[in-house]
Amino acid sequence: MTEAKKTEIAKWLLDPDGTQSLPHDLTVLEEKLRHYGLWKIYEELELPLAPILDEMRKVGIAVDVALLQTLSKKLEKELTALTKSIYADAGGPFNINSPKQLSAVLFEKLSISPRGIPRRSTGAYSTDAGALETIRERHAIVPAILKYRELFKVQSTYVAPLLELGATSKDHRIHATLLQTSTATGRLSSENPNLQNIPTGTDIAKELRVAFVASPGTTLLSLDYSQIELRVMASVSGDSKMIEAFKNNEDIHKITAASVLGIAPDKVSKEERQMAKTLNFGIIYGMGPQAFARQSGLSYIEAEEFITQYFRNFSGIQQWQERTIMKARETGYVENLNGRKRWVPNIISPNQRSASEARRAAINMPIQSLAADMLKMAMIAVRRVFPDIPLILSIHDELVFEVPDGMLKKAATELRRIMESVYQLSVPVKVDAASGKNWAAIS
């Protein structure tokens, strides 16, 4: 590994937000790493990880260029039909991708009621996804615009670039770069292209993922940490109720809804479970009642009461958050159980917005960064045990391998065992496994 790469990693660990001026001398940086208790992460985690990420870029993931070409033609045909339909409803052509022109068509020309829609700084009514969902039932043009946007984004952001990369690559593989030093919490990100952002959950997203394929004689194997950030939150906070739920392998979102609403778990509706799920993950990011109300559909007062009841039932989480914020105010930084640090000087800022952002960062960092560390530790561990099985993707809490067909069953069992045992939490760590000949089959 080059001195420049070692220096880059050292400076990032010392200043993950990129706000400080640090020396370029690696010897000085190493002294600082030892001073701040970051040497072990540097030497045992981040340095061994760097060549693994470089190897993943070189290997890449195969794509079926013919499938991408077929999908591209299909999208172009559907976009053309949608465009004609939208123009007919609007009474003439306009730039559908222009928020200003779209706002004028919807709220002025077609006189759609803007009730519940905020204005942008320009004075025009918003036409973002949330705004369009609000007025979906008010005019037939709106569902068509939402569909147009979905397909246009898939075509322009994913299909066209992937098709170009796949067609121009000699091996028809996408060689994305995994960025090691780009996030403040230590999570990996991806670029050229961003494979962590490939859409999921819709029919068109599934068609796109079908185009990512296993090489002949191999199968894609996905190993995904289940609810890892919630398990980390339960572990670091020591909340007895959440720990018990995970130890009993209970549905954590259903248990949360039942506790907050004061009903039996089997009485929790699908909508109530979804609200609890939204809040469970939102708590990790310091979600307040305003954001919870917006995402859940509750009123502000209902959202505030829901959060109050949540902390009454999971008091260990609230107490841990309070201790974490207090320590951050005293020290100026927050750290995870591995010693990884993030400096949050604005937590004592007189500017309430800056202070609030720093508090959310302080609450989130020990959880998200430890989950990220666990994934990195797993990547290093599995590479040592199975050096000949290519690790081709790292997507949030998931690792994807390209496994020779004859080794699939054995590899799946052993890789899963390694990932579940690489770091000990106070709750069970669970890894979900899936295999298939394309990405859609495992996601």
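**Entry 1: the model.** I am working from a predicted model.

**Entry 2: helix α17.** I looked up its extent and found residues 408-421, 14 residues in total. From first C-alpha to last, α17 spans 20 Å, close to the 20 Å expected at 1.5 Å a residue.

**Entry 3: its two sides.** Which residues of α17 are buried? I listed Leu408, Ala411, Ala412, Leu415, Ile418 and Met419. I then looked down the axis of α17. The buried residues fall within an arc of 140°, so they line one face of the helix. I noted the general rule too: an α-helix has 3.6 residues a turn, so residues three or four places apart point the same way. On the other side of α17 I found Lys409, Lys410 and Thr413 exposed.

**Entry 4: what α17 packs against.** I checked the neighbours of its buried residues. They pack against helix α16 (352-385) and against the strands β6 (218-225), β10 (398-404) and β11 (431-436).

**Entry 5: strand β10.** I followed β10 next. Of its 7 residues, 6 are buried, so the rest of the structure largely encloses β10. I looked for its pairing partners. β6 runs antiparallel to β10, with 7 bridges between them. Leu220 stands opposite Glu402 of β10. Strand β9 (residues 391-395) is also antiparallel to β10, joined by 4 bridges. Here I found Ser394 bridged to Leu399 in β10.

**Entry 6: the turn.** How many residues lie between β9 and β10 in their hairpin? I counted 2. In this turn, His396 has a positive phi of about 55°.

Technical notes:
Residues are numbered from 1 along each chain as its sequence is written. This is a predicted model: local features need pLDDT of at least 70, side-chain atom pairs count only at pLDDT 80 or more; totals for chains, interfaces and linings use all residues. Side-chain values use heavy atoms; hydrogens and water are left out. The expected span of a helix is 1.5 Å times one less than its number of residues. Buried means under 20% relative accessible area, exposed over 50%, partly exposed in between (1.4 Å probe, protein chains only). The arc is that of the directions from the helix axis to the C-beta atoms. Contact means heavy atoms within 4.5 Å. Two strands pair if DSSP finds at least two bridges between them.
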